[in-house]
Amino acid sequence: MSDEKNDKPIVLCVDDDRLVLRSLRRLLVRELSAAVAVELADSGERALAIIREGAEAGRPVAVMVCDMVMPGMSGGQLINIVNEEFPDVRSVLLTGQAGYQSIIDVINKSRLYRFVAKPWDNDDLVMTIREAVASWQQQRTIERQNLHLQQLNWQLEQRVRQRTAELERLSSELDEKNRELIRQAGVRKRLFANISHDLRTPLTAVLGYLEGMIGGVIEGEAERDKYLRLMFGRLKSLEKLISQLFEIARLESGSMPLNMQQVDLAGWCSEMVARYREDCLARGIEFDYGCQLTEGDVGRLLVRIDAVQWERVLNNLMDNAIGHTASGGRIELRLVGEKRRVVMMLGDSGCGIPQADRDKIFEWMWRGDRARTWRGGQSSGLGLAIAREIIEMHGGTVDVTSEVGRGTTFSVSIPRVTE
Ligand SMILES: Nc1ncnc2c1ncn2[C@@H]1O[C@H](COP(=O)(O)OP(=O)(O)OP(=O)(O)O)[C@@H](O)[C@H]1O
Ligand SMILES: [Mg+2]
């Protein structure tokens, strides 16, 4: 191959007659050197080597002008092989004294771009080669564009696949949110129904008692005293409900500022338990407190809490535990220090919570059947909802495990401050 370093398409001339080769080169260099690079081969074998080397080096042969009759590999054989290996190469067959039949054979068996009789007409040959090069270039452009289109198509398909997956994810998120909104709407509906019911019930009772007193139906010191006490009880529960509702409103609107302080939860709990122990003893319930530290702990479980709000959490959980545990039962408060969190567990040996109710107990104003009649109807189903809201404001979580007839354990977990 010549040293000519350019990316012009190569026109390869193949002839065993060096004179023919030379005149071909002269003609093509003169007429086409701006557009093509000319290579010469004096045999079919040499021509094949040039085409193969060119293909490997990224300088493909565009047009092969080849003599028909050559010793060794004939023009027809060469074109056949080139057609097989390099179907893009345009082959122009030059024929001199070749017999009619052998030309027909080549035309029938090979893909020939043109066939030109020797001696050729210069203008005709130049034009033929120019057209062959143009046709080769056109095909290359189309192939390149095809490849580009295929790549674009593939990228597009990828994008569509990604977007579809994204849309599916978003759609299932939306479905989930929708379900949650519907559930919350139901919770709110029940909340308002319960609030009006719980506000009206004690008021109606108190109004009834007062009517009885004013109308003289309730007479005598003892009777009056009895109804005054009943009214007091009713109004107390009303006061509790109203203050809980206020608390919820503040919690929900996020307008309750937390007075966060670093507190050793172990020390804080051991101060609280004295009171709980008394409450339990008064109801014949055994109370136990324990603090479990992990290896390397220095006996302190530091957390950041608003101690007043945290007391509310523990009070609500204790209140429930005591309320659902019969005399002779047992309540246990346990603190566990983990690497990054502190877990506060309150377990009771009470009546337990049916599986179906476990998701509902944290909803505003949801209360179990037992709680409706418990403590003269003073339960409003707000204690756990308030507790959970406060726990979450502290970056914590609350879980419940329970077995009907055996007891319930609430586990509250909050981030631990590392010392
Ligand atoms: N330790 C427990 N054992 C069994 N059931 C419980 C326990 N704690 C809560 N529950 C159930 O969960 C319901 C909701 O509890 P929550 O503390 O929110 O409301 P409440 O105790 O009924 O009323 P409030 O706390 O507002 O006075 C209770 O009514 C009860 O059915
Ligand atoms: Mg409660």
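1. In the largest nonpolar core, which holds 37 residues, the members that touch the most other members are Val11, Leu12, Val63, Met64 and Val65. The model is a predicted one. Two or more residues of this core come from each of S1, H1, strand S2 (37-41), helix H2 (44-56), S3, helix H3 (75-85), S4 and H5, and S3 provides the largest share, with six residues.

2. Val11 shows how this part of the chain is put together, for, once its neighbours within four places in sequence are left aside, Val11 is in contact with Leu28, Val36, Val38, Ala62, Val63, Val65, Ile129 and Val133. Another core, of 32 residues, lies apart from the largest one, and its members include Met318, Trp364, Ala385 and Ile390.

3. As for the overall division of the protein, the domain assignment gives domain 1 as residues 10-120, domain 2 as residues 161-256 and domain 3 as residues 258-419. The centres of domain 2 and domain 3, taken over C-alpha atoms, are separated by 23 Å, and the contact takes 14 residues from domain 2 and ten residues from domain 3.

4. On the side of domain 2 that touches domain 3, helix H5 (122-214) and helix H6 (221-253) each supply at least two residues, with H6 giving the most, eight residues. By residue class, this side of domain 2 is made up of six nonpolar, four polar and four charged residues.

5. After H5 comes Gly216, whose phi is positive, near 80°.

6. H5 is hardly covered, since the count of buried residues among its 93 residues is nine.

7. Not counting residues up to four places away in sequence, Thr128 touches Val92, Arg114 and Val116, while Phe115, 13 residues away from Thr128 in sequence, is 9.5 Å away in space, C-alpha to C-alpha.

8. The last point concerns strand S12 (residues 407-415), which is joined by eight bridges to strand S10 (residues 341-348), the two running antiparallel. Within this pairing, Met345 has Ser411 in S12 as its bridge partner. Strand S11 (residues 397-403) is likewise antiparallel to S12, through seven bridges, and here Val400 has Phe410 as its bridge partner in S12. S11 and S12 form a hairpin with three residues between them, and in the turn Gly405 has a positive phi of about 85°.

Key. Residues are numbered from 1 along each chain as its sequence is written. Chains are lettered from A and ligands numbered from 1 in the order in which they are written. This is a predicted model: local features need pLDDT of at least 70, side-chain atom pairs count only at pLDDT 80 or more; totals for chains, interfaces and linings use all residues. Domain bounds come from an automatic or database domain assignment. Two residues are in contact if their C-beta atoms, placed from the backbone, lie within 7 Å. Helices (H or I, at least four residues) and strands (E, at least two) are DSSP runs, numbered from the N terminus. Ala, Val, Leu, Ile, Met, Phe, Trp, Tyr, Cys and Pro count as nonpolar, Asp, Glu, Lys and Arg as charged, and the others, Gly among them, as polar. A residue is buried if 20 or more other C-beta atoms lie within 10 Å of its own, exposed if 12 or fewer, and partly exposed in between; C-beta atoms are placed from the backbone. A nonpolar core is a set of buried Ala, Val, Leu, Ile, Met, Phe, Trp, Tyr and Cys residues joined through C-beta atoms within 7 Å. Two strands pair if DSSP finds at least two bridges between them.
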